[in-house]
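Q: I have a structure here that I have not seen before. Can you walk me through parts of it?

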Amino acid sequence: MFESIRPSFANSQALNLARLLLSCWECGYKDLYATIMSTATFLDEMRCSPEIIDQPKVEEIIDVIEHVSEHIPHSPKRNLVVSSSVRDLLECPVCLNAMYPPIHQCSNGHTLCSGCKPRVHNRCPTCRHELGNIRCLALEKIAASLELPCKYQSFGCLGIYPYFCKLKHESQCQYRPYSCPYAGSECTVMGDIPYLVTHLKDDHKVDMHSGSTFNHRYVKSNPHEVENATWMLTVFSCFGEYFCLHFEAFQLGNAPVYIAFLRFMGDDVEAKNYSYSLEVGGNGRKMIWQGVPRSIRDSHRKVRDSFDGLIIQRSMALFFSGGDRKELKLRVTGRIWKEQ
């Protein structure tokens, strides 16, 4: 079955391909078997006359993936099993991520991704031979014939996608985990909504409230201090969903300002089903803000820096605080409702 593979092709890469061919034949994937057999000679030919290409840029990888994606159907398929040998071949030995065009190889057939090539100083990480600019076209063609499950399969995504479309799908997959919405530290925890709600309550000691209305008071003894920004996070449960109310101070120009905004613990499409209002006032005056909660897919910083919330200048905040205006005492009220 493997007589067509010449002896010069017998290296570590060839052994992996041989195992892959055997797996494809035994499992009945004859189309994939034929594709691999038809492209196997490319590796041998490239050793005799390697294709020299210019140093690739990271942007080129994205361009190639986008180009291929436009010509491959995106409809998910089920019950397709891909041999682990295939994934091993397409795994970069440096970063351990899947490789995308242009895929590079050394003269001995060891491959690595274009992103890691500059990091190894033109030396093969496997055999230490000089890399040069040999492109592994055969492996790229094999990759184009594959379909793999989404990496968020454990979170509920059952789709199987063409290899070059998989990366784009995963960047938009509705099942991909959410980042922790806590703004007080660079928390790296990720998970689904129920997990994050428990995490916020147990690990960050965030206040949890039920209901669609709120009345909160924010106090700070030194309103001029913004280096350690005044911030607070409260989670509200209503309409079977969870919402995060943020309040903080940040520097805008030469003076601090205060902002309050609401984020929805879910995707943006669902967030648009809700609206909210915020009100702050004192001394017979008040300010009112009405908007749509932002999804926690948008980072806390992104929402804050877009000023998508109730903005209160420091002078106005101190005016609302009353008294000698040396202490911040703001009462923020509001409500959340579902659009019909």
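Q: Which residues does Met208 touch, leaving out those up to four places away in sequence?
A: Met208 touches Val197, Leu200, Lys201 and Val235. Keep in mind that this is a predicted model.

Q: Where is Met208 found?
A: Met208 lies in strand E8, which covers residues 207–210.

Q: Is Met208 buried, partly exposed or exposed?
A: Partly exposed, because its relative accessibility is 29%. Buried would mean under 20%, and exposed would mean over 50%.

Q: What separates the C-alpha atoms of Met208 and Leu233?
A: A distance of 9.5 Å lies between the C-alpha atoms of Met208 and Leu233. Along the chain, these two residues are 25 residues apart.

Q: Back to the whole chain. How many helices and strands are there?
A: The chain has 10 helices and 17 strands.

Q: And how many residues, and what share of them count as buried?
A: The chain has 340 residues, and 45% of them count as buried.

Q: What about the accessible surface of the chain?
A: The accessible surface comes to about 18,000 Å². Carbon and sulfur atoms account for 50% of that surface.

Q: Contacts next. Of those with a separation of 6 or more, what share is between residues 24 or more positions apart?
A: That share is 58% for this chain.

Q: New topic, the backbone. Which residues does the cis peptide bond join?
A: The cis peptide bond joins Pro101 and Pro102, with omega at about -5°.

Q: Where does Pro102 sit?
A: Pro102 is in the loop between helix H4 (84–89) and strand E1 (103–105).

Q: What is phi for Leu96?
A: Phi of Leu96 is near 65°, which is a positive value in a residue other than glycine. Leu96 is also in the loop between H4 and E1.

Q: Is Leu96 buried or exposed?
A: Leu96 is exposed, because its relative accessible area is 54%.

Q: And what is phi for Asn122?
A: Asn122 has a positive phi of about 60°, although it is not a glycine.

Q: Which loop holds Asn122?
A: Asn122 is in the loop between strand E2 (111–113) and strand E3 (134–135).

Q: Why does Asn122 count as partly exposed?
A: The relative accessible area of Asn122 is 26%, so Asn122 is partly exposed.

Key
Residues numbered from 1 in each chain as written. Predicted model: local features only at pLDDT ≥ 70, side-chain atom pairs only at ≥ 80, totals over all residues. Heavy atoms only, no water. Helix = DSSP H or I, 4+ residues; strand = E, 2+ residues; numbered from the N terminus. Buried < 20%, exposed > 50% of the residue type's maximum accessible area, 1.4 Å probe, protein only. Contact = heavy atoms within 4.5 Å. Areas by Shrake-Rupley, 256 points an atom, 1.4 Å probe, with all protein chains shown as cover.
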